[in-house]
Amino acid sequence: ARKIIIDTDPGQDDAVAILMALASPADFDILGIVAVAGNVGLAQNARNALKVVELAGRKDIAVYAGCERPMRRTLVTAEHVHGETGLDGPDLPLPKLQIEDQHGVDFIIETLLAHEAGSVTLATLGPLTNVAMAMIKEPRIIPRIQEIVMMGGGYFEGGNITPVAEFNIYVDPDAADVVLRSGVPIAMLPLDVTHMILSTPERLARIRGLGNKAGEAVYQMLSFSERFDLNKYGSTGAPLHDPCVIAYMLKPELFEGRHINVVIETSSELTIGMTVADYWGVTGRVKNVTYLRSGNAEGFYELLTERLSRLP
Ligand code: BDR
Ligand code: CA
């Protein structure tokens, strides 16, 4: 099984991604889940991560809290998308599990130093603050990271929080910049992909039809965020973002893209947080990212539904 750390700001779509990973023990050895400030504040995101772990009946998975604000900028949150709790929709019990005492950034550092170099992947579903802070605090971890698979960015589709910026990158563009310049192999699942992975009523009905607790909770979560996205995009289903990270690690053949250069705009008032993707190779800058541009929605939902069927 591939060793992963999940860094996240749950978030309904983060929660679905975590459930998908928890449902795949033969594929993933989840070393820990680290919360970061993003969709809502840090404490609430960490609590939501605990709720998801408990929903899956996986009390063995430790949850850590990382940074409560971006490196330089003021925190921007997204209650308008995810609700006041960040995980509105299902009625999940308050968690009994506790957040670990160790700081999430130190957990990332310690874990990478303790495992063989090149054997741990970071799956990031939120702003990149924790990962960048770990790289700055302990640069010896950088060459030890096997890969970073991230949901973030967007180029051909434009942005979702400004006309050009995607939320995860926008919240902490400085952190994204540190991570993209680190030299670590990166796979990026941007809005260009996630806007193809639409949660249509039929797909959600199939998930609910599984008849288990996890299927019902995912149905409630995605029906909640859908209300926002249906109004926004007028499509027949809302985009599903973060689970693309897990699906890509399970079945990379569901996605297509190119190895290219991506840099982050960190200063312009107008375009801050933009992922400037050199898809056509016009700059000669170093290729640092496998930029996925499209995904197979049918194949994705088949995989997601099958994985969720394994949960309580
Ligand atoms: C990203 O922003 C968050 O609101 C979602 O959880 C996802 O990680 C999409 O832009
Ligand atoms: Ca997220």
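This is a predicted model: local features need pLDDT of at least 70, side-chain atom pairs count only at pLDDT 80 or more; totals for chains, interfaces and linings use all residues.
Me: Where do I start: what does the secondary structure of the protein chain come to?
Reply: Begin by counting elements. Here there are twelve helices and eleven strands. The radius of gyration is 18 Å, close to the 20 Å that the globule rule gives for 312 residues, so the chain is as compact as a globular protein of that length. Along the principal axes, the C-alpha atoms fill a box of roughly 50 × 45 × 35 Å.

Me: How many of the 312 residues are buried, as a percentage?
Reply: A residue counts as buried if 20 or more other C-beta atoms lie within 10 Å of its own. In this chain, buried residues make up 54% of the total.

Me: What share of the contacts with a separation of 6 or more joins residues 24 or more positions apart?
Reply: That share is 83% in this protein chain.

Me: Which residues of helix α9 are buried?
Reply: Look along the helix, residue by residue. In α9, residues 201-208, the buried ones are Arg203, Leu204 and Ile207. Seen down the axis, the buried residues of α9 fall within an arc of 95 degrees, so they line one face of the helix. Pro201, Glu202 and Ala205, on the other side of α9, are exposed.

Me: Which residues are the closest to ligand 1?
Reply: Of the 15 residues that surround ligand 1, the closest are Gly11, Asp13, Phe167, His241 and Asp242. Helices α1 (12-22) and α6 (167-171) each supply at least two residues of this shell.

Me: How do the residues of that shell divide into nonpolar, polar and charged?
Reply: Around ligand 1, five are nonpolar, six polar and four charged.

Conventions:
Residues are numbered from 1 along each chain as its sequence is written. Chains are lettered from A and ligands numbered from 1 in the order in which they are written. A residue is near a molecule or strand if its C-beta atom, placed from the backbone, lies within 6 Å of it. Helices (H or I, at least four residues) and strands (E, at least two) are DSSP runs, numbered from the N terminus. Ala, Val, Leu, Ile, Met, Phe, Trp, Tyr, Cys and Pro count as nonpolar, Asp, Glu, Lys and Arg as charged, and the others, Gly among them, as polar. A residue is buried if 20 or more other C-beta atoms lie within 10 Å of its own, exposed if 12 or fewer, and partly exposed in between; C-beta atoms are placed from the backbone. The arc is that of the directions from the helix axis to the C-beta atoms. The radius of gyration is taken over C-alpha atoms; the globule rule is 2.2 Å times the number of residues to the power 0.38. Two residues are in contact if their C-beta atoms, placed from the backbone, lie within 7 Å.
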